[in-house]
Amino acid sequence: MINVWTFAEDLPFVEITDVNGVVFKGEIIHISDAEEADAEDDEVVVEALSGEIRIFPVSQISSMKRTNRNLL
């Protein structure tokens, strides 16, 4: 399982591949704690340069890596 909290300090641009193999690139805009949000999983919210926003529960993330904004 991915530890999204390692990305919390600087909220970088990331490339996320979900468990279905779908890749989404963007900037982390929020990370929520499952207990505080009354949810089953921690979640990471990512905004693409196009403005599209997606919410990824940690259990649905296969891989997550930092990337450069220029590579989005």
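The side chains of glutamate 15 and lysine 65 meet in a salt bridge, with N and O 3.8 Å apart; a salt bridge here is a side-chain nitrogen of Lys or Arg within 4 Å of a carboxyl oxygen of Asp or Glu. This pair links distant parts of the chain, since glutamate 15 is in strand 1 and lysine 65 in strand 5, 50 residues apart. Strands (E, at least two residues) and helices (H or I, at least four) are DSSP runs, numbered from the N terminus.

The structure is a predicted model, in which local features need pLDDT of at least 70 and side-chain atom pairs count only at pLDDT 80 or more, while totals for chains, interfaces and linings use all residues. Residues are numbered from 1 along each chain as its sequence is written, and side-chain values use heavy atoms, with hydrogens and water left out. The predictor's confidence in each residue is its pLDDT, on a scale from 0 to 100. Over the chain the mean pLDDT is 92, and 97% of the residues reach 70 or more. Confidence is lowest in helix 1 (residues 34–37), with a mean of 88, and highest in strand 4 (residues 53–57), with 97.

The overall layout comes next. The chain has one helix and five strands, and along the sequence they follow the pattern β-β-α-β-β-β. The radius of gyration is 11 Å, close to the 11 Å that the globule rule gives for 72 residues, so the chain is as compact as a globular protein of that length. This radius is taken over C-alpha atoms, and the globule rule is 2.2 Å times the number of residues to the power 0.38. Along the principal axes, the C-alpha atoms fill a box of roughly 35 × 25 × 20 Å. Contact means heavy atoms within 4.5 Å. Of the contacts between residues at least 6 apart in sequence, 47% join residues at least 24 apart.

Buried residues make up 32% of the 72 residues in the chain. A residue is buried under 20% relative accessible area, exposed over 50% and partly exposed in between (1.4 Å probe, protein chains only). In soluble globular proteins, nonpolar side chains tend to be buried together. A nonpolar core is a set of buried Ala, Val, Leu, Ile, Met, Phe, Trp, Tyr and Cys residues joined through side-chain atoms within 4.5 Å. The largest such core has 14 residues, of which Ile16, Ile28, Val44, Val46 and Met64 touch the most other members. Strand 1 (13–18), strand 2 (23–32), strand 3 (43–47) and strand 5 (61–66) each supply at least two of its residues. Strand 2 gives the most, with three residues. Apart from neighbours within four places in sequence, isoleucine 28 is in contact with Phe7, Leu11, Pro12, Val14, Val44, Val45, Val46 and Met64.

The charged side chains can be followed from glutamate 15. At 17% relative accessibility, glutamate 15 counts as buried, whereas lysine 65 is partly exposed at 47%. Glutamate 15 also forms a salt bridge with lysine 25, the closest N and O atoms being 3.5 Å apart. Lysine 25 lies in strand 2 and glutamate 15 in strand 1, so this pair ties together parts that are 10 residues apart in sequence. Lysine 25 is partly exposed, with a relative accessible area of 33%. Leaving aside neighbours within four places in sequence, glutamate 15 touches Val23, Phe24, Lys25, Ser63, Met64, Lys65 and Thr67. Glycine 26 is 11 residues from glutamate 15 in sequence and 6.7 Å from it in space, C-alpha to C-alpha.

The count of salt bridges comes to four. One of them joins the side chains of glutamate 52 and arginine 54, at 2.9 Å from N to O. Glutamate 52 is partly exposed, with a relative accessible area of 36%, and arginine 54 is partly exposed at 30%.

Aspartate 18 lies in strand 1. Aspartate 18 is buried yet has no salt bridge, and the nearest side chain of opposite charge, arginine 54, is 5.8 Å away. For charge, Lys and Arg count as positive and Asp and Glu as negative, while His and the chain ends are not counted. Not counting residues up to four places away in sequence, aspartate 18 touches Gln60, Ile61 and Ser62.
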